[in-house]
Each structure stands twice: as structure tokens, then as C-alpha cells.
Amino acid sequence: MSTSSDRARMPSIRDVARLAGVSHQTVSRVLNDHPSIRPETKERVLDAIRVLDYRPNVAARALATSRSNMLGILSATTGEFGPTSSIAAIEDAARAEGYSVSTLNLPDTTPEVIGAAVRQLVREAVDGIVVLAPQVRVFNVLRGMAVSVPFVSLQTASGSDGFSHSADQLAGARMITEYLIRLGHSDILHLAGPQDWIEAESRMRGYLDAMRDADLPTIPPIRGDWTADFGWFAGQELARRRDFTAVFAANDLMAIGLMHGFRDAGLRVPIDVSVVGFDDIPVAAHVAPPLTTVHQDFAELGRRAVRILLAQLRGEAVPEFGPVVPVLCGRESAASR
């Protein structure tokens with residue numbers, strides 16, 4: 001008969017091994033995504049991990065291995081301002097706590113590339129990983145790998161394992177859409193980010209929610225790629241339509257390119273059309289006209305990620321942060337209708 005203490009005991013790696021019918025060494029290899037494990041064995045072990053809700057014991061791992069005092073950053077971005085700012089803050093916060101940082105930038109987000117990157121960080125004996133992965137598919141791969149070190153992500157993906165922390169993208173998108181509505185705009189177009197990107201989906205939802213709550217019709221959003229070049233191209237094409245009075249671009253680079261495209265097509269911003277962006281990159285205040293946008297504290301996101309990860313490593317209570325609150329930056333690219 002099991003006692004209450006037995007029931008309260010956290011499952012161990014040997015419990016997983018017994019349930020899966022393998023050795024505990026095999027479970028360890030699965031946790032580290034070792035390439036020699038047969039797919040059917042890996043799936044059996046992962047099923048046992050899910051059934052038992054097993055989580056690697058960080059304290060036990062620290063006793064069994066020497067700490068490296070190194071954190072890993074897994075970045076699936078391509079040099080965007082926000083993630084770059086967060087990485088710099090992570091490095092500063094880690095250094096202040098006596099940790100070094102190893103950063104891996106993924107050239108693409110195929111399962112093979114993601115798996116190889118995680119295995120490399122594990123080989124480097126990082127104590128924990130910060131994941132800057134804007135794409136949902138990255139979290140799908142990480143979930144299937146059962147990463148053997150604690151990790152925290154700077155995006156929130158449905159069903160993602162580990163701790164996550166993010167800016168309130170949806171609230172920021174609602175905020176700037178409602179700002180345009182208060183200016184008298186009712187025909188507002190959304191230039192969205194790429195499909196599968198977590199931020200793009202949240203910002204589009206915020207736009208759609210604000211339009212619905214104001215009982216305004218929505219124009220089908222246009223999917224962009226975050227670049228100023230795409231914004232310029234969209235501005236050239238949209239100038240021929242003129243079925244809108246304002247455009248909410250999902251990031252500042254597309255918004256700046258959009259204003260350039262409108263100007264080349266003979267439209268004046270904000271006289272003929274209002275344009276707003278998102279992120280508040282440094283150049284946003286210095287384009288002509290200065291861009292109305294949403295400011296996000298990317299550096300604070302990075303600092304909080306380090307605090308969350310170190311709390312896990314030290315066996316302390318994990319800080320409970322609310323989302324980083326965005327701030328509206330009203331400038332000259334949006335005007336009353």
C-alpha cells in the first residue's frame with residue numbers, strides 16, 4: 001500500500017525507465033536527444049515522461065555534475081531589434097551573476113537544426129537555456145526533445161514546456177488600433193507579420209479584437225515578412241486600392257517601408273493615410289514623419305528571463321512576473337480623420 005509520502009514523491013529517471021522498459025542510461029540519452037536512440041524507443045520513453053509528468057531534478061543534476069556557470073541562448077531570429085536588445089540584456093544580467101553566455105543562432109528552424117543546436121548547448125554543459133524563438137514550430141520540436149536542462153522562453157506558445165515570459169503583444173496591438181479608432185478611422189488595414197510567428201499572431205488578434213469591439217468591419221490582413229522592403233512594395237500596391245484610411249503595420253520596419261512606398265506613389269502620410277507601427281525601434285522617432293508606434297521594453301524581458309532561470313537553478317521560488325506592459329508612442333504619422 002502506498003503512503004502519502006510515496007504519492008508525493010516526484011518521479012525519478014528510474015521510474016521513467018521502469019515504465020518504459022528500458023535502462024536509466026537510455027532515458028538519459030533520450031533526454032539529451034542522443035542520435036543513436038531508435039525512434040520507437042525514444043517514443044516509448046517520451047510517453048513514460050508524459051505519463052509520469054517527469055521533470056529532470058535540477059538540484060540532483062547539480063550534485064552529479066559540476067556547474068559550468070554558463071547559460072545558453074537559443075535564438076531563432078534574424079537580427080531583429082527586439083531579440084537583439086533582449087540578448088544584450090541577458091548577457092549583462094548573466095555576467096552580473098557570475099555566468100557566461102553561449103549564444104546559438106539558428107540558420108533555420110527545421111527539427112534537425114533545432115535538435116543539433118540543443119545538443120551542442122548540452123555538450124557545452126550549459127546550466128540552463130533562454131529560448132528566443134518567435135515560431136510555434138520551435139516549441140513543438142523542443143517539447144518532443146524533453147530538454148534535460150531548465151529553460152525559459154521569451155515568447156508564449158500554446159502547449160510549450162518550461163517557463164515563459166513575454167511582452168503583452170495583444171494588449172499593445174489593441175492599444176494602437178483603438179488609438180486609430182479614437183482619431184476617427186473606421187477603415188483600418190493590418191499589415192501582419194509572417195504566419196507561425198507568435199508575435200504576429202498576437203498582434204493580429206489584438207487588431208481584430210479592437211475592431212470587433214468597436215463594431216467596425218475588418219479588411220483581410222496582408223501577411224508580410226517584417227522587412228522594410230516588403231512594406232515599400234505593399235505601399236506601392238495599396239496606393240492603388242485606397243479602401244482604407246489607416247494602416248497598422250505589425251512592426252516598425254514594415255511601417256517605415258510602407259510610408260516610403262506611399263510617398264513614392266504620391267500619397268501623403270498622415271494627410272492622405274495614417275500609418276502606425278510596433279516595437280519603437282530607435283529610428284522610428286527620426287523618420288519623416290516620425291512614426292507612431294508601440295514601445296516594448298525588450299531589455300527588461302531579457303533581465304527577467306535570467307532571474308527566472310537562475311531561480312530554477314538555485315531551487316528558489318520562481319518570480320511571478322506579469323507581462324511587460326507596452327506603451328503607446330503617439331507621433332506624427334497618424335492624424336485625425
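Does Arg212 count as buried or exposed, and at what relative accessibility is it classed? What follows is set out view by view.Is Arg212 buried or exposed? At 54% relative accessibility, Arg212 counts as exposed, where exposed means over 50% relative accessible area, buried under 20% and partly exposed in between (1.4 Å probe, protein chains only).

**Figure 1. Overview of the protein chain in a predicted model.** Residues are numbered from 1 along each chain as its sequence is written, and side-chain values use heavy atoms, with hydrogens and water left out. Local features need pLDDT of at least 70 and side-chain atom pairs count only at pLDDT 80 or more, whereas totals for chains, interfaces and linings use all residues. The protein chain has 13 helices and eleven strands; helices (H or I, at least four residues) and strands (E, at least two) are DSSP runs, numbered from the N terminus. Of the 337 residues, 50% are buried. The chain exposes about 15,600 Å², with carbon and sulfur atoms supplying 53% of that area (Shrake-Rupley method, 1.4 Å probe). Among contacts (heavy atoms within 4.5 Å) between residues at least 6 apart in sequence, 71% join residues at least 24 apart.

Figure 2. Strand β1 (residues 70-75) runs parallel to β3 and is joined to it by five bridges; strands pair if DSSP finds at least two bridges between them. Ile73 has Val130 as its bridge partner in β3. Strand β4 (residues 151-153) also runs parallel to β3, with three bridges, and Phe151 in β4 stands opposite Ile129.

**Figure 3. Helix α4 (residues 39-52).** The 14 residues of α4 reach 20 Å from first C-alpha to last, close to the 20 Å expected at 1.5 Å a residue; the expected span is 1.5 Å times one less than the number of residues. Thr41, Val45, Leu46, Ala48 and Ile49 are buried in α4. They cover an arc of only 155° around the axis, which puts them on the same side of α4; the arc is that of the directions from the helix axis to the C-beta atoms. Pro39 and Val51, on the other side of α4, are exposed. Asp53 follows α4 and has a positive phi, near 55°.

**Figure 4. The salt bridge of Asp279 and Arg203.** A salt bridge is a side-chain nitrogen of Lys or Arg within 4 Å of a carboxyl oxygen of Asp or Glu, and by this rule the count comes to 18. The side chains of Asp279 and Arg203 meet at 3.2 Å, N to O. Asp279 lies in the loop between β9 (274-276) and β10 (293-295) and Arg203 in helix α10 (residues 198-213), so the pair ties together parts that are 76 residues apart in sequence. Both Asp279 and Arg203 are buried.

Figure 5. Arg212 and Asp209 both lie in helix α10, three residues apart, about one turn of the helix. Asp209 is buried, with a relative accessible area of 17%. Arg241 is partly exposed at 38% relative accessibility, and Asp243 is partly exposed at 37%. Salt bridges that share partners join Arg174, Glu178, Asp209, Arg212 and Asp213 into one network.
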